Amino acid sequence: MLGQLGEAAKFLAGGQSLIPLLKLRFASPEHLVDLNFISGTSFIKEASGSLRLGAMTRHAEIEHSALARKIPLLHDCAAGIADVQVRNRGTIGGSLAEADPSGDWATALIALDTTVHCLGTAGARTIPLKDFVKDAYTTALAHDELVTEVEVKIPAQGSGGAYLAFKRSAPVYPTASAAVQLTLAGDVCQDAAIALGCVGLTAVRATEAETALRGRILNDTTIDAAAEGARAAADPQPDMRGSAEYKRQLVVALVGRAIRIAARRARGEEMEGAHLYA
Ligand SMILES: Cc1cc2nc3c(=O)[nH]c(=O)nc-3n(C[C@H](O)[C@H](O)[C@H](O)COP(=O)(O)OP(=O)(O)OC[C@H]3O[C@@H](n4cnc5c(N)ncnc54)[C@H](O)[C@@H]3O)c2cc1C
């Protein structure tokens with residue numbers, strides 16, 4: 001239908017980004033193609049070592065899914081998005097397609113091995129998440145192309161992750177956020193993925209911070225070095241949520257905390273990583 005209706009049409013998923021834009025008259029499509037009535041597009045299943053989430057899966061379904069808890073970082077992210085109303089309507093596919101620089105999902109998922117499955121009039125294709133989000137509010141999707149599924153590889157045993165966002169109150173986007181996934185062998189960090197949110201036009205991979213941990217013993221000194229590496233990777237804009245310097249300091253604190261939670265989870269401990277509110 002979108003192929004037939006052309007540029008004047010848009011997909012509608014949970015409506016939690018699109019409807020506010022329509023109300024503000026920032027978008028005025030002539031047609032909305034509602035995805036909500038297509039069956040089989042909302043699911044969470046495990047297959048071939050991955051979790052596969054249908055594009056129309058609501059944030060709340062992921063929050064309450066026992067299967068999604070196999071990757072605790074997913075649960076952290078879903079449970080902290082806005083409030084109950086937004087989580088009950090908003091979808092993971094819509095969130096990635098919107099590519100809002102302040103959105104939680106892209107930051108959380110970029111710290112994991114994530115692939116986006118797409119379908120359009122030209123056929124199906126799979127795109128690694130790092131290539132899917134191109135810029136603020138810009139993705140690799142063609143106009144008539146749809147996200148059908150998000151595939152996340154289940155991290156190996158000995159790997160643990162955490163996603164932390166700092167928010168002024170529940171129904172607002174984070175001031176800054178951090179996703180960390182660590183693989184430990186005893187006290188040594190074998191591998192690390194660290195992503196930062198709301199401090200760039202897209203989620204930022206903090207590679208210097210990752211290098212500060214990889215192959216080293218995880219202790220206060222290496223964690224502090226990684227957190228400082230994250231400060232250098234952050235490129236925040238000052239706005240009503242805080243100055244650039246404040247956000248960089250926030251990143252240091254969030255990354256330090258997320259590393260400590262991820263390490264405890266990698267060692268098998270079950271713990272909640274609640275979002276932080278001002
Ligand atoms: C008050 C409020 C607070 C919020 N706070 C947060 C927050 O803290 N963190 C956060 O991450 N998000 C937040 N959100 C946004 C929320 O998570 C949205 O649900 C999400 O960004 C978009 O998902 P959606 O399903 O609602 O998409 P929609 O609003 O329906 O669509 C968004 C865009 O994606 C396109 N689209 C939707 N689905 C697909 C698809 N399957 N394939 C291709 N294109 C598609 C649409 O055409 C549209 O352009 C908030 C929203 C509100 C209203």
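Predicted model: local features only at pLDDT ≥ 70, side-chain atom pairs only at ≥ 80, totals over all residues.
Local features need pLDDT of at least 70, and side-chain atom pairs count only at pLDDT 80 or more, while totals for chains, interfaces and linings use all residues. Residues are numbered from 1 along each chain, and side-chain values use heavy atoms, without hydrogens and water.

- The side chain of Lys 167 places an N or O atom 2.9 Å from an oxygen atom of the ligand.
- For Lys 10, a polar side-chain atom is 3.4 Å from a ligand oxygen atom.

**Surrounding shell**
- The ligand is surrounded by 32 residues, each with a heavy atom within 4 Å of it.
- The closest are Phe 11, Gly 15, Leu 18, Thr 91 and Asp 104.
- By class, the shell holds 17 nonpolar, 10 polar and 5 charged residues, with Tyr counted as nonpolar and Gly as polar.

**Elements and domains**
- At least two shell residues come from each of β1 (9-12), α6 (92-98) and β9 (146-153), where helices (H or I, at least four residues) and strands (E, at least two) are DSSP runs.
- The largest contribution is that of α6, with 4 residues.
- Because domain 1 (13-27 + 40-153) and domain 2 (159-267) both give residues to the shell, the ligand lies between them; the domain bounds come from an automatic or database assignment.

Terms used
Polar contact = N/O pair within 3.5 Å; in protein donor to acceptor, adjacent residues only side chain to side chain.
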